[in-house]
Amino acid sequence: MTTRTSAAGSSGSGTPLPAAPPNVRKMRPRHLVFMSLGSAIGTGLFVGSGAGIQAAGPAVLLSFLIAGTMVILVMRMMGEMAAADPSSGAFSVYAEKALGRPAGTTIGWLWWLQLVIVIAAEATAAAAIVASMWPGSEQWVLALAFMTLFTAINLGGVASFGEFEYWFALLKVLAIVAFLGIGIAFIAGWLPNVPAPGLSNLTGNGGFMPHGWSGVGAGLLLVVFAFGGTEIVAVAAADTENPETNIAKAISSVVWRILVLFIGSVLVIVTILPWDSEALSTGPFVAALAAARVPGADTVMAVVIVVALLSALNANLYGASRMVFSLAERGRAPRSLGHKSTNGVPRAAVAASVAFGFLAVVLNYLYPEKVLMLLLNLVGSTCLVVWGVSIVSQIILRRRAEAAGRELTFKMWAFPWLSYFALALLAGIVVLGFLDSAVRIQLVATLALTCVLGTAAWLLDRRTSRAGQLD
């Protein structure tokens, strides 16, 4: 694991690039924390957690603990690499250094494709919700408005983007904190004229683990994808001041927030509602608030979910643009995408990353959701590939750093044992996935996409190597 003087990335030859001007790199630790949370907290938690509860019962808490442990370990490993070598290509750069250029190129393009498709899906979903609340509005017009707004925000510079995303993500966090407060008051019997549910739902209706460990496994597969997006904090390392220090602070802060926000919310839900309640399939947070007799729960949560979607769209657009910028900078994407404006924004990379989102506006008009759902299935398990490659990269780069006698400022706990444990845990999740027919389709589709990208990356590497030899 090497230490570079530049946080902007490196050229294909490994020569450090000039450091970004001080007025450009203004991402602060709080921006990093809330960007990571903003990317992760979305419909996976607000809506998808209901499916996990129905699959595992109250034991979905074990699913969240296992998935949360996985994410915490992966983030710690990414933090170690990002603090030592901050780069807008993040895990793509680390994979290239550890496993070779084809691996870095493959993982970079895979993550970029996932984000641009998710961006389009988020704009579509947010537009659909607003259209349902605003009679007479057109879904495709709203999707166009959202895409235009967040493109403009991302072109405004790192400082303005970071501040906007901070407040946007903060609204989601505050909504969850308010939900936790109401839920705890309800459970404790502090709400006037509302009988407390007690703790019977945790052990009733078949017990804490009504479907056994197979249910916990099924819940885990649904839960693990809700944590996708937290890795964006490693990408943002290149745009922050003092990355060696700030990345460590951000990673540590995100860890306990994940435990409180995700696991705390689910604990409240499974305590308030029976795990087999039909209301969970439409919206677990709305159902819990309705049980507590909170007026306007549907409208409040609809607004929160729209904010969650748009915040994730904003953060994912940032991540996608920085990744393709890094790929271009390393000669793995068109060179035109590897330039920054005077305010430090890779405008061409932003434009390339939102292109599919604007195409989705047309799809919203012609074929609402059909094409997007097909594409989402294609990249549905991409996070598992990114996490797996990142774990292997960290093990290799940490070994190299120790062999070279380099002292790292931020380290993975109990290396190498926890790194190997994370790899084994990820392998177990993949095995469980192949036992589930719906998840198996996603895994096979993602594997096929990864193989296609890997083959293309290998052929590109051979061509560039031959061109270098001829020169």
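A: A salt bridge is counted when a side-chain nitrogen of Lys or Arg lies within 4 Å of a carboxyl oxygen of Asp or Glu. The model examined here is predicted, and a search of the whole structure finds 7 salt bridges.

One of them joins arginine 101 to aspartate 461, with the closest N and O atoms 2.7 Å apart. Because arginine 101 belongs to helix α6 and aspartate 461 to helix α19 (residues 437-470), this pair ties together parts that are 360 residues apart in sequence. Arginine 101 has a relative accessibility of 30% and therefore counts as partly exposed, whereas aspartate 461, with a relative accessible area of 17%, is buried.

Glutamate 80 is in helix α4 (residues 60-84) and arginine 398 is in helix α17 (residues 382-404), so the pair connects parts separated by 318 residues in sequence. Both glutamate 80 and arginine 398 are buried.

Arginine 332 and glutamate 96 form another salt bridge, in which the closest N and O atoms are 3.8 Å apart. Here distant parts of the chain are linked, 236 residues apart: arginine 332 lies in the loop between α14 and α15 (347-366), and glutamate 96 lies in helix α5 (residues 90-99). Arginine 332 counts as buried because its relative accessibility is 8%. Glutamate 96, at 14% relative accessibility, counts as buried as well.

The surroundings of these pairs may now be considered. Helix α6 (residues 101-133), which contains arginine 101, also holds tryptophan 109 and tryptophan 112, which are 3 residues apart, about one turn of the helix. Tryptophan 112 is buried, at 12% relative accessibility.

The largest nonpolar core has 141 residues, and among those with the most contacts inside it are Met70, Phe227 and Trp387. Helix α14 (residues 297-329) gives the most to this core, with 19 residues. Leaving aside neighbours within four places in sequence, tryptophan 387 is in contact with residues including Met70, Val74, Met78, Phe227 and Glu231.

Terms used:
Residues are numbered from 1 along each chain as its sequence is written. This is a predicted model: local features need pLDDT of at least 70, side-chain atom pairs count only at pLDDT 80 or more; totals for chains, interfaces and linings use all residues. Side-chain values use heavy atoms; hydrogens and water are left out. A nonpolar core is a set of buried Ala, Val, Leu, Ile, Met, Phe, Trp, Tyr and Cys residues joined through side-chain atoms within 4.5 Å. Buried means under 20% relative accessible area, exposed over 50%, partly exposed in between (1.4 Å probe, protein chains only). Helices (H or I, at least four residues) and strands (E, at least two) are DSSP runs, numbered from the N terminus. Contact means heavy atoms within 4.5 Å.
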